[in-house]
Amino acid sequence: MVDPKYHEAACNALRAFSVSPKELAFVSHSENISFRVDSHSGHTYVLRLHRPTYHNYAELVSEQLWTEALVEAGVDVPIAVPTTEGCRYTQVQCPDGARFAGLLKWVEGDELGSITAKDEDSKSTIESFRLLGQLIAQLHNHAIEWSIPRGFSRHSFDVDGFVGEQPFWGRYWESPLLEEAQQADLSSIRAEIERVLSSYKQKQSNYSLIHADLHPHNVIVQGSRLHIIDFDDAGFGWHAYDLAVALYQMKDTSHYQDAKSSLLNGYSDLRNVNQGDEKMIEMFHVVRSLASIGWVTSRPELHRNTRSLCQHLYSDAISGFERLSRG
């Protein structure tokens with residue numbers, strides 16, 4: 001659960017959107033604190049109270065600029081609702097300071113991640129990865145062709161963003177939740193990843209705006225359609241990273257290769273993926289584990305046992321890197 005004062009802040013934010021809540025239910029606490037809003041008018045929304053200091057106002061606006069362009073292009077992504085004054089966000093006081101609040105239309109359906117967790121090897125699960133591959137290809141095709149508006153501002157998941165001195169999610173190789181020898185291991189891996197990423201060119205064909213957090217729990221299944229949610233981490237990065245994150249949950253299962261083949265087949269229906277990009281998927285699995293250590297370390301309030309989680313992510317990174325070294 002969450003501090004009741006955030007519930008009060010959510011009610012205050014809804015006034016700016018002229019939404020009268022019939023029911024306001026806490027959904028999740030991650031970068032944002034999110035609530036489901038069932039209004040007296042019969043409409044359903046998700047209200048997000050954005051984490052202070054994570055994104056400034058220009059960056060939050062830029063998120064909506066891209067999702068609005070994607071909606072116009074026919075891609076299933078969140079639809080933002082403006083305030084009564086035509087603003088994209090309002091600001092409310094919360095226990096941890098002022099937060100920007102944004103309102104989106106709620107999308108009914110089941111999370112793909114929940115479905116795959118129950119039945120990893122079902123035909124419907126593997127088919128969902130094919131549809132997800134098509135959706136990611138739509139996302140990347142649009143990003144490449146879209147003219148970035150003046151003033152657009154989002155972070156970058158480039159070499160510096162992943163392995164530089166100040167990575168976007170923190171200096172994971174210095175995490176106090178790891179032993180000294182483990183920190184040294186990650187420093188060595190970081191140096192090798194920096195070498196590989198530095199030679200992995202940023203081209204229009206493989207680098208643009210990406211979702212950057214496209215794990216199956218951020219995909220809503222609506223019958224035969226998939227809807228992407230949570231663009232909070234969206235920024236500029238390699239396309240292969242989106243594909244890697246989509247598969248990350250499946251990487252240690254016996255059905256990984258089926259899911260990967262299905263995802264890439266769907267992606268290839270709409271966009272070419274060359275061998276070099278495909279090979280980088282396994283490298284980005286390691287990058288994801290490392291970045292997650294930084295993320296968890298800097299947000300201890302979000303997890304009950306951060307040390308155990310970081311140990312698991314460390315093991316993931318080490319085993320993934322060893323597989324790469326052997327292959």
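Two strands count as paired if DSSP finds at least two bridges between them. Strands here are DSSP runs of E, at least two residues, and helices are runs of H or I, at least four, numbered from the N terminus.

A word on the source: this is a predicted model, where local features need pLDDT of at least 70, side-chain atom pairs count only at pLDDT 80 or more, and totals for chains, interfaces and linings use all residues. Residues are numbered from 1 along each chain as its sequence is written, and side-chain values use heavy atoms, with hydrogens and water left out.

The sheet, then. Asp110 stands opposite Val221 in E10. Strands E7 and E10, the latter residues 219-222, are antiparallel and share two bridges. The open sheet has three strands, ordered E7-E10-E11, with antiparallel pairing.

Now to Arg190, in helix H6, residues 180-199. Is Arg190 buried or exposed? Its relative accessibility is 13%, so Arg190 counts as buried; the cut-offs are under 20% for buried, over 50% for exposed and partly exposed in between, with a 1.4 Å probe and protein chains only.

What does the side chain of Arg190 reach at 2.8 Å? That is the backbone oxygen of Val163. The C-alpha atoms of Arg190 and Val163 are 6.1 Å apart, with the two residues 27 apart along the chain. Beyond neighbours within four places in sequence, the contacts of Arg190 (heavy atoms within 4.5 Å) are Val163, Gly164, Glu165, Tyr172 and Trp173.

Definitions and conventions:
Polar contact = N/O pair within 3.5 Å; in protein donor to acceptor, adjacent residues only side chain to side chain.
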